[in-house]
There are 4 protein chains.
Amino acid sequence: MTPIRHGLSGLEYFKKMIAGEFEPPPMLALLGMKLVEAEEGRVVFTATVEEKHYNGMGVAHGGFAATLLDSSLGCCINTLMPAGKRFTTLELKVNLTRPLTKEVGLVRCEATVVHVGGRTATSEGRIVDSRGKLYAHGTTTCIIVEERRGKLEP
Amino acid sequence: MTPIRHGLSGLEYFKKMIAGEFEPPPMLALLGMKLVEAEEGRVVFTATVEEKHYNGMGVAHGGFAATLLDSSLGCCINTLMPAGKRFTTLELKVNLTRPLTKEVGLVRCEATVVHVGGRTATSEGRIVDSRGKLYAHGTTTCIIVEERRGKLEP
Amino acid sequence: MTPIRHGLSGLEYFKKMIAGEFEPPPMLALLGMKLVEAEEGRVVFTATVEEKHYNGMGVAHGGFAATLLDSSLGCCINTLMPAGKRFTTLELKVNLTRPLTKEVGLVRCEATVVHVGGRTATSEGRIVDSRGKLYAHGTTTCIIVEERRGKLEP
Amino acid sequence: MTPIRHGLSGLEYFKKMIAGEFEPPPMLALLGMKLVEAEEGRVVFTATVEEKHYNGMGVAHGGFAATLLDSSLGCCINTLMPAGKRFTTLELKVNLTRPLTKEVGLVRCEATVVHVGGRTATSEGRIVDSRGKLYAHGTTTCIIVEERRGKLEP
């Protein structure tokens, strides 16, 4: 059920996902989040804020921004990985700077690599609306893992 | 559509939510997350890891743990708030210590208050399985807000 | 003993500190850290890694990077504050990406504002050597405070 | 100049440091921070807030709490390590909940392990005064390293 990255580098895999050759991962499909750009060290995901993302307060749940950032922060690091090599997330920090509501509509989350070493990597990302207004930003710390079971993120 | 907390303290509101008197917030309903315990300074949410929560790697997306922690960390602070007073999340840090899979099944996320001051508050929480094994933990920083539009979290 | 910012905006104050009109704060003097550039939304501190900064492992203590980042992250926000208005730090996250040793010598920590709202602000910063190699990076969340006792950071 | 841990487990080493058999690391000596308790998975450092720790605002610099927490958070994990095995810090998050001043005097920073796996570990810690009042708290993410050059933290 989950896509296989075997034989593909991270960037090749993400490009095929953008081209629609792979199903998006279930969590991203559920939340309406989509990988739209991928190059070496940088990715962009988009999503449209809907009422289904709301907490009880009439704004998007903090988990919406956290999920969008987690995908972007991890994938931008994996654009630099050859076949068989992958980074996984150890920790994630998210700052919520403005409420996300349906009126905001489509948001972009762009993430870029900050550091890639032999065993660890870090990245940073921001969620902005169509006019570039900032709603959330975050950073992550990742660690390298050996590919197992032929499965791969995002 | 979103529940109204007007006239209720945070704890009264959460107790009514546990009793089923309010609809759960849309994002939590979507992800199958449920408030099950609330007392002064402490709450517990539960969720069952399902394939719908997966990333492309065959484990739950980091956003699953982040959403569960964000709900718990914010609500445990709001159990201490009287009617008309509420804290909102400024930032959230999540550590992912073990992969969450369907085999793990039901998880609990317990959060407790660390600091509550006049304007800011912090809390910490952990996601564990039925045997107490740790999968993720996190902390949050919240700021007080005036209630607006009669709407309220989680 | 501590410098007074009364009557000065954040930026005016920092410019006078760079010009040597104010004593540097005691902690920065103790650790050999120095504000060298300040403009709207951006500052640079420098320091030279010495053996006095070491932990027992033969590299600079994580507190060295944390102190340098904390100064930079807070001050870059305060460059945007008029007289009588100041932000203080609620939380700080620091990533240590490479060991800092005497051999690294002089490092620069540049920080820039990410978000400034009415009550909260965030910023990000990086510690690099003379060739731009990255050693640490971080982000902070600040909250506005009323000036008291005529005292002011960094 | 720096103490050697060769042949000693983390806990043995820390116990000898408490007993005064090793010089404290330079940065801790400079800031007046001292390891006073160590057992499996838990350490306590103490320090007395002095004017030398101040920023320009008349309170202890955020780097004071960050350094005390960084030492404690790393060492509590290393109490669980046998000879030749050591964890180093990847990232650190610090919440500053109350200002630290000379009037606070002696503070304790107690840290405990949250997770220890084969490659990564996390811990949490709090800075409190003699009456248990909270001033700062934090968490860290560490990664295992091979001992090199016979040197070791804190």
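**Chain interfaces and sheet pairing**

In the predicted model, chain B and chain A bury about 3200 Å² between them, 61% of it on carbon and sulfur atoms; buried area is the accessible area (1.4 Å probe) that two parts lose on being put together, summed over both. Residues are numbered from 1 along each chain as its sequence is written, and chains are lettered from A in the order in which they are written. Local features need pLDDT of at least 70 and side-chain atom pairs count only at pLDDT 80 or more, whereas totals for chains, interfaces and linings use all residues; side-chain values use heavy atoms, with hydrogens and water left out.

The contact (heavy atoms within 4.5 Å) involves 41 residues of chain B and 41 residues of chain A. Twelve residue pairs are in polar contact across this interface, both residues at pLDDT 80 or more; a polar contact is a pair of N or O atoms within 3.5 Å, where within protein one must be able to donate a hydrogen and the other to accept it, and residues adjacent in sequence count only if both atoms are side-chain atoms. Zero salt bridges are found between chain B and chain A, a salt bridge being a side-chain nitrogen of Lys or Arg within 4 Å of a carboxyl oxygen of Asp or Glu. On the side of chain B that touches chain A, the elements giving two or more residues are α2 (26-31), α3 (62-78) and β3 of chain B. Helices (H or I, at least four residues) and strands (E, at least two) are DSSP runs, numbered from the N terminus. The largest share, ten residues, comes from β3(B). Strand β3 (residues 85-96) of chain A and β3(B) pair in the antiparallel sense over five bridges, where pairing requires at least two DSSP bridges between the strands. In this pairing, A:Leu92 stands opposite B:Val94.

Chain B and chain C bury about 690 Å² between them, 68% of it on carbon and sulfur atoms. Of the area that chain B buries against chain C, B:Leu90, B:Arg119 and B:Ile143 supply 54%, more than any other three residues. Eight residues from chain B and eight residues from chain C are in contact. Zero salt bridges are found across this interface, and two residue pairs are in polar contact, both at pLDDT 80 or more. On the side of chain B that touches chain C, β3 (85-96) and β6 (134-146) of chain B each give two or more residues.

In chain D, strands β3 (residues 85-96) and β6 (residues 134-146) pair in the antiparallel sense over eleven bridges. The bridge partner of D:Phe87 in β6(D) is D:Ile144.
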